[in-house]
Amino acid sequence: MDHHELVALRQHHPAWRLLRADNAPLIISFLQHVFVIPNQRSLNQASLASKLDDMLYSLQQSLGEHHYPRSSGAYLDDWADNSNGWLRKFYPPGSDEPHYELTAATEKAIEWLTSLGKRQFVG
């Protein structure tokens, strides 16, 4: 990869934008907790918003109410917006409630961050 390719990736790739996001710790920890750890493929909007409400409440209790002031729905809409591309919002056949799933870029970013954690040495 050359310099120009890396600049373009930094500006346009969803995984890189996720890692640079101001709220990256919230986004990544939440998405890992609800999708990756339980191996959940998709969730409906009500369930996902409820889980995010719980996490936001917990974080506001420990960090202060000024942290993460937006509603869970606003965060989900932002994360699923094409300008970010961290979640895919879709309507399954026969359902009028939106569902969300992780995008491939988000999965790669979470996987990479997980790989940075400590590993036990096996000799």
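**A loop and its surroundings**

Mentor: Pro-92 is placed in the loop between E2 and E3, where helices (H or I, at least four residues) and strands (E, at least two) are DSSP runs numbered from the N terminus. Keep in mind that this is a predicted model, in which local features need pLDDT of at least 70 and side-chain atom pairs count only at pLDDT 80 or more, while totals for chains, interfaces and linings use all residues. Residues are numbered from 1 along each chain as its sequence is written, and side-chain values use heavy atoms, with hydrogens and water left out.

Once its neighbours within four places in sequence are set aside, Pro-92 is in contact (heavy atoms within 4.5 Å) with Glu-97 and His-99. By contrast, Val-36, which is 56 residues away along the chain, has its C-alpha atom 20 Å from that of Pro-92.

Arg-88 counts as partly exposed, at 40% relative accessibility, whereas Glu-101 is buried, with a relative accessible area of 10%. Here buried means under 20% relative accessible area, exposed over 50%, and partly exposed in between, with a 1.4 Å probe and protein chains only. Through salt bridges that share partners, Arg-41, Arg-88, Glu-101 and Glu-107 are joined into one network.

A search of the whole structure finds five salt bridges, and one of them is that between the side chains of Arg-41 and Glu-107, at 3.9 Å from N to O. Because Arg-41 lies in the loop between H3 and E1 while Glu-107 belongs to helix H6, this pair ties together parts that are 66 residues apart in sequence. Arg-41 is exposed, with a relative accessible area of 55%, and Glu-107 is partly exposed at 36%. Asp-78 forms a salt bridge with Arg-70, with the closest N and O atoms 3.8 Å apart; Asp-78 is partly exposed at 29%, and Arg-70 is partly exposed at 38%.

In H5 (residues 72-80), the buried residues are Ser-72, Tyr-75, Leu-76, Trp-79 and Ala-80. They cover an arc of only 125° around the axis, taken from the directions from the helix axis to the C-beta atoms, and this puts them on the same side of H5.

Asn-39, in the loop between H3 and strand E1 (43-44), has a phi near 55°, a positive value in a residue other than glycine, and Asn-39 is exposed at 69%. Tyr-68, in the loop between H4 and H5, also has a positive phi of about 55° although it is not a glycine, but Tyr-68 is buried, with a relative accessible area of 14%. For background, most residues other than glycine have a negative phi.

Finally, consider the chain as a whole. The C-alpha atoms fill a box of roughly 45 × 35 × 35 Å, taken along the principal axes, and buried residues make up 34% of the 123 residues. Among contacts between residues at least 6 apart in sequence, 49% join residues at least 24 apart.

Definitions and conventions: Salt bridge = Lys/Arg side-chain N within 4 Å of Asp/Glu carboxyl O.
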